[in-house]
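Please open the model in a viewer and keep the selection tool at hand.

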Amino acid sequence: MFDTLIIGGGVSGISCAMVLASAKNKNFVSNKKIGILTHQKNSALQEAIFNNAYGIAPGKLGSEILSESIEQLTHTYPHIIQIPEEKVLKITGHYPEFTVTTNRNSYKAKTVVIGIGSANTFAIEGLMQYVEAHKKALPEKQRIQLKNITHKVTEGIYAIGTLAGWRSQLAIAAGSGAAVATDLLTLWNDGIQTHSHDSIR
């Protein structure tokens with residue numbers, strides 16, 4: 001049973017995983033089992049080049065960021081369970097026990113975080129009732145989002161990145177994933193507002 005299972009290995013999903021992972025030494029996180037399905041095939045970053053992203057050298061390719069972020073997660077936070085090359089087909093159950101079914105396996109999770117982009121090909125059974133037109137995308141793009149209030153779709157299910165209705169900017173997607181991670185840390189910390197910073201002190 002995962003305490004949190006993140007779906008999507010793009011910017012928002014990896015950001016969420018890294019913030020949760022960096023809190024591993026907090027006593028309310030040390031026993032948490034965190035996983036991420038790192039499927040990246042449909043990420044918009046595959047065709048991106050960055051000249052306007054804070055902290056990223058101009059000319060950096062999105063495809064490089066995708067592969068480097070997985071490598072960073074692997075080496076810096078090896079306790080996060082990565083599940084590559086699986087596509088989620090269905091989510092069933094209710095908080096605090098969901099079953100996430102992929103094309104290869106099924107997993108149990110207390111909470112599920114979904115960051116797989118806003119393409120109108122979204123087809124995860126069990127979530128279709130939350131699909132609506134993306135409120136910050138051009139209508140002709142036919143983007144979708146999941147109905148949510150501050151990322152929360154329903155008890156135990158969170159949407160992040162463009163699937164939560166945010167614009168497709170790297171910094172916005174990363175912030176969205178980090179925001180949900182801090183919400184989960186707060187939940188795990190009995191509702192006490194919580195974040196996780198690394199420090200050289």
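Begin by selecting L73: leaving aside its neighbours within four places in sequence, L73 is in contact (heavy atoms within 4.5 Å) with I14, A17, M18, I36, P78, I80 and Q82. The model is a predicted one, in which local features need pLDDT of at least 70 and side-chain atom pairs count only at pLDDT 80 or more, while totals for chains, interfaces and linings use all residues. Residues are numbered from 1 along each chain as its sequence is written, and side-chain values use heavy atoms, with hydrogens and water left out.

Stay on L73, which is found in helix α2; helices (H or I, at least four residues) and strands (E, at least two) are DSSP runs, numbered from the N terminus. L73 has a relative accessible area of 0% and is therefore buried (under 20% relative accessible area, with exposed over 50% and partly exposed in between, for a 1.4 Å probe and protein chains only).

Next, select helix α1 (residues 11-22) together with helix α2 (residues 62-76), which pack at an angle of about 20 degrees with their axes 11 Å apart. Axes here are lines fitted to C-alpha atoms, for helices over the stretch in contact, and angles run from 0 to 180 degrees between N-to-C directions. The angle makes α1 roughly parallel to α2 (under 35 degrees; over 145 is roughly antiparallel, 65 to 115 roughly perpendicular and the rest oblique). To display the contact, show I14, A17 and M18 of α1 with S69, I70, Q72 and L73 of α2.

Widen the view to the largest nonpolar core, which has 25 residues. Such a core is a set of buried Ala, Val, Leu, Ile, Met, Phe, Trp, Tyr and Cys residues joined through side-chain atoms within 4.5 Å. I6, C16, L20, L73, V113 and L185 have the most contacts inside this core. At least two of its residues come from each of α1, β2 (34-37), α2 and α3 (170-188), and α1 gives the most, with 7 residues. Another core, of 24 residues, lies apart from it; select L5, L37, I144 and L163 among them.

Finally, select F2 in strand β1 (residues 2-7). Is F2 buried or exposed? F2 counts as buried because its relative accessibility is 6%. Beyond four places in sequence, F2 touches K33, I34, G35, I81, I83, Y107, K108, A109 and K110.
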